[in-house]
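Work through the exercises below with the sequence and the structure at hand. Try each task before reading its solution.

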Amino acid sequence: MPGIALIELIPGDFMKKLLIVAALALPVIACADMTPTQQRALTGTAIGAGGGAVIGAIGGNAGLGAGIGAGAGLLGGLLVDQSRRSQDRAFHEGYAAGRRRGPSSPPR
């Protein structure tokens, strides 16, 4: 089983392995019952906080960088969501218009 082989590669005792597996599985489980908007906002926030913490650590204040990055990431995630919903809406409107028009005749 591939999952068991992966766990065996992790050094340390059983409790450490269990915590690592739980930490890797938690984000997947947490997003399962979220709307696409919530998922995009959370993803943007997490990426922004991580990037902000790295940049903040270079500047000397990782916490402030993470906070600013989280805010910027949340805004970015919501903008991506708005764009995606607009694309989906345009697709469905175009599809519905094509269905109303009916099948086209083949070119001659």
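Two residues are in contact when heavy atoms lie within 4.5 Å, and a residue is buried when its relative accessible area is under 20%. The model used here is predicted.

**Exercise 1. Describe the make-up of the protein chain.**

Solution. Begin with the elements: the chain has four helices and zero strands. Read along the sequence, they give the pattern α-α-α-α. Next, take burial: of the 108 residues, 12% are buried. Last, take the contacts between residues at least 6 apart in sequence: 44% of them join residues at least 24 apart.

**Exercise 2. Work out how α3 and α4 are arranged relative to each other.**

Solution. Locate the helices first: α3 covers residues 36–59 and α4 covers residues 62–101. Their axes come within 6 Å and cross at roughly 150°. Angles over 145 degrees count as roughly antiparallel. Therefore α3 and α4 are roughly antiparallel to each other. The crossing in which α3 passes α4 is right-handed. Sorted by class, the contact between α3 and α4 has 11 nonpolar, 10 polar and four charged residues.

**Exercise 3. Which residues of α3 and α4 are buried, and what do they pack against or have as cover?**

Solution. In α3, the buried residues are Ala41, Gly44, Gly48, Gly52 and Gly56. Their cover includes α4. In α4, the buried residues are Gly65, Gly69, Ala70, Gly73, Gly77 and Asp81. These buried residues of α4 pack against α3. To read the spacing in both lists, recall that an α-helix has 3.6 residues a turn, so residues three or four places apart point the same way.

Terms used:
Residues are numbered from 1 along each chain as its sequence is written. This is a predicted model: local features need pLDDT of at least 70, side-chain atom pairs count only at pLDDT 80 or more; totals for chains, interfaces and linings use all residues. Side-chain values use heavy atoms; hydrogens and water are left out. Axes are lines fitted to C-alpha atoms, for helices over the stretch in contact, and angles run from 0 to 180 degrees between N-to-C directions. Helices (H or I, at least four residues) and strands (E, at least two) are DSSP runs, numbered from the N terminus. Angles under 35 degrees count as roughly parallel, over 145 as roughly antiparallel, 65 to 115 as roughly perpendicular and the rest as oblique. A crossing is left-handed if the near helix is turned anticlockwise from the far one by less than a right angle, and right-handed if clockwise. Ala, Val, Leu, Ile, Met, Phe, Trp, Tyr, Cys and Pro count as nonpolar, Asp, Glu, Lys and Arg as charged, and the others, Gly among them, as polar. Buried means under 20% relative accessible area, exposed over 50%, partly exposed in between (1.4 Å probe, protein chains only).
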